[in-house]
Amino acid sequence: MPGPVDHVTISFAGFNRAWAAWIGDRLERRGVTVVQQRWDPPVEVPLEDSLRDLTLARGQVLAVLSDWYFQLGPRGHEEWNRALREVVAAEPDRFAAVCVTVSALPGAASAFGAADLFGVGAEEAERRLLVRLGLPTDPLPEAVGARQGPRYPADVPEVWGGVPRRNTRFTGRDELLAATYEALHEARPGAGVVALHGMSGVGKTQLAAEYVYRFGSEYDVVWWVPADRRSFYRQKLAELAPELGLSTGAEYGERLRAVRDALRRGEPHSHWLLVLDGADEPEHIWDLVPTGPGHVLITSRNPEWSEHNSNLVEVPVYDREESVAFIRRRAPRLTPYDSGRLAEALEDLPLLLDQTAGWLNDSDMSVEEYIELLEGGIDQDVVKVSADFPLAFQTAWSILLNKLKETVPESVGLLRLCSFFAPDSIPLRLLHEVAWDTVVGLEALTDPDRLDQAVQQLLRYSVVRLETTVPPGRGAADPHRALHMHRMVHRMMRGELTAADHAACADAARGALAAVDRGQPSDVRMWTTYAALTPHLKWAEVLESTAPAVQDLVLDCLRYMYLSGEYGSGIRLAEPAMTSWTALLGATHPRIWDLGHHYANLLRAIGDYRTSERVERAAADYLAAEHGEHDLEHLRAAGGLAADLRGLGRYDEALRLSASIRDRYLTVLGQEDYRTLNADNNLAVSLRLLGRYGEALEQDRRTLALRRSVLGGQAPATLYSELNCAIDLRLLGHHREAEEALGQTVRRHLAAVGANNPQTLRAQHNLALCRYFAGDPAAARSALARVRRDCLRLLGEHHPLLLLITASAACAERRAGDPDRALLLHEQVVAGYRSMLGDEHPYTIGTKGNLGLMRWTLGERDVASQEIERAGSLMAETLREGHPWSIGCALNATIIRMRSGRAGEAYELGRANGRRAAALLGTDHPLTVAHRQAEDRERAEGPDFWDFEPQIV
């Protein structure tokens, strides 16, 4: 080597930590500064870059080569050879290596010039290491009181027994291993006890074994003892006596006492490690756990070891990156994507990953096919056991369930009933609402103490996990406590039930959910309750029940989903409910009309007006014929039908129906009933869509005052009226007044219903539009982009509100932003409205006109002129010439004619259109002013274009 080596960075796979520790110690004794760096290159980073990063350290890079060093990732030999030739071979003075394996390595690894340390003694290994680094090999003088360094990794501790073979596919867990090491070594004398606890199959034993192999060289004694039974544990611990050279008789009780005394005193060895594997009953063996200067490592499903002088280290499932790496080692044929899908389906549980990936590697079945197969429950025939995980998952859980039956039998019944709730989060309060006396064999759980005992038993064996969270706005004294069950356990529990037990558990779960429902889905304060209930509806099979309380629960949850913006989830519940309830109750049962009303609301919210019209018209016609036009159920359906007509662009028809509904509600219920107020609100919406903004504002103001009086200022309906009043002001051209009102209502929406609510997004959108139409498109551009991102995240790319916001964002981009971006957004809006509403709907016509303006801006004058003229004529045909949208489209056609040199045609169109604008909107409205400017100036530059703006129906 050129010059003396004084700094060395040791690059090693975590699997070879013991080698890195020993090499570092040997070099530090000779005055070399050593830095140890675990090699774990991110998969997304090119291998060449990761190797180059090693050279950023000062001095020499010494790689500890093994098959593990090259498998991390994992990456193929071809990729490794390419990287080694490009980086290591190009800088031979910076890289050196030692090899600690006989496995085949990539061919280009020869560029390291590795010294082979495998199969040689400590002295020869040290000599080869020093020669490779160009360091003197002369023996060092023995210093008095010199520290004792790490044991040579190839040397087994003096006493070694019972340790299982090393898992060569062990993956990740470096943080857990480090936490275990620190907990043992930082404990006070006599308290070096760590319990690795977690659910069955999570890899506790594998983790303990890897700890032994990585850090075993630091101990003189390593003794592994099965600890699931006290008698067997005593016997195996006693067998350590002769290994320690203790003079005792043959009776193992005497040997046991001698071993515990020797370990306590640290004689003849003070560096000892005792592993207690499978110690799930701490109360049975805690008194036999040795104390002294050594360490005790326990594996257990039971977290109660914390009460017995033990530090707990929870062993969770793999993180996703660990899962993918493990699967790809177990099943090399699977791609990273397939590995990720499989890991997600199995919730990253190591035992399942090992046995499933092992089976898949020997099969030609695709991962998607396998996941579909798993939906029906795990089958013994589609897992492959290995020496590392010798028990099939189903077998391991059957053994555990038998243990539970022997102690608290009701805990198994409780577990089965829990499978009728969603596995991810089962609120403990739900369990206290169950009518346990209706489930055969679980009557004892009616006693709250007995129920808590059963829950604790499940926690004790890590069958479930307790999760505690504090919801926002609530103190630590009111936490949310829920049980988490692995999905595979969830499926197993449901799959083993008889038909009678299945029916009883489902009925009990439904009853518990119904008991929590307070029938208040319109109360924002109850939304967190409904959000916690809705995930469980499917698992409790609520749609199969004819119980009125359960059906009320379904309807309340649908109402909550509509009000909170969970439209997709609501439709996925309502569609099968319509089918199920029709079969159970008949097509004309009153419950069907209730369900149909909620279903139509959700369909309308996503823009499916044609389907919602069919649902509401069928209900309205039937109920009018059966009960008359003043029947409240008929009026509710007719109100929904009017909303559908608005969505379909049939505004005149919608206005006539809205006015008739309002009058009938007023006659039947009076002015202050919430249903009359809803009808008042809907009448204003119809007026607004017809361009009668002044009348809409008057109607909205009356409705707002009454809603504040009847419902309170923070009710969503009151906030909706408040928002509508501000929108009316903006459409009337009072932008500053509207902006002030919108700023206030946005703040109130955020406080009352939160940011993740469609109504809040609508308020924020209109606030940005105020700034846009007030002459600040640059400021509006960023605000609209943010609201659009939030809406896309909350509602998805096909929602009507997103199309509306995108239309505004496209116009802002056209005036103050990126033309290419603006064109893309305009095209998306037109495509969305054409798909949702067809070519003849006013929204499609208007946004096609906006697209024409964009093409004009980009210089496509001929095509743009045709699109703008066509938008004007079609809007007038579809609505009427005196509608504000028709007036706006005509203004754009006027400007186009002026800028195309057709001044006479422009003057004729602009003059007639200006009179209509003044008559409908007043002389000071922005549209009227724009026409007056065009008429007065008759110049090519003229006024600016008018942007069409769709509205919420």
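In strand β9, W272, L274 and L276 point one way while L273, V275 and D277 point the other, and all of them are buried. Buried here means under 20% relative accessible area, with exposed over 50% and partly exposed in between, using a 1.4 Å probe and protein chains only. The structure is a predicted model, in which local features need pLDDT of at least 70 and side-chain atom pairs count only at pLDDT 80 or more, while totals for chains, interfaces and linings use all residues. Residues are numbered from 1 along each chain as its sequence is written, and side-chain values use heavy atoms, with hydrogens and water left out.

Strand β9 covers residues 272-277, and since 6 of its 6 residues are buried, it is largely enclosed by the rest of the structure. Strands (E, at least two residues) and helices (H or I, at least four) are DSSP runs, numbered from the N terminus. In a regular strand the side chains alternate between the two faces of the sheet.

Next come the neighbours of β9. Two strands pair if DSSP finds at least two bridges between them. Strand β8 (residues 221-226) runs parallel to β9 and is joined to it by 6 bridges; here V222 has L273 of β9 as its bridge partner. Strand β10 also runs parallel to β9, with 4 bridges between them, and L274 stands opposite V296 in β10.

Strand β10 (residues 295-300) and β7 pair in the parallel sense over 5 bridges, and S300 in β10 stands opposite H197. Strand β7 also pairs with strand β11 (residues 311-314), again in the parallel sense, over 4 bridges. In β11, H197 has E314 as its bridge partner.

How many residues of strand β7 (residues 193-197) are buried? The count is 5 of 5, so β7 is largely enclosed by the rest of the structure. V193, A195 and H197 point one way from β7, V194 and L196 point the other way, and all are buried.

The cysteines come next. A disulfide is a covalent bond between the sulfur atoms of two cysteines. With a disulfide taken as a pair of cysteine sulfur atoms within 2.5 Å, the count is 0. C557 is in no disulfide, and the nearest cysteine sulfur, that of C418, is 19 Å away. C557 counts as buried because its relative accessibility is 0%. C791 is likewise in no disulfide; its nearest cysteine sulfur belongs to C811, 16 Å away. C791 is buried, with a relative accessible area of 0%.

On a 1 Å grid over the protein atoms alone, a cavity is a set of points where a 1.4 Å probe fits but cannot get out, and lining residues have an atom within 4 Å of a point. Helices α31 (716-731) and α33 (758-773) are the elements that give two or more residues to its lining. Among the lining residues are R688, I727, H765 and E949.

Note on methods
On a 1 Å grid over the protein atoms alone, a cavity is a set of points where a 1.4 Å probe fits but cannot get out, and a pocket is an open set with protein on both sides within 12 Å along at least five of seven lines; lining residues have an atom within 4 Å of a point.
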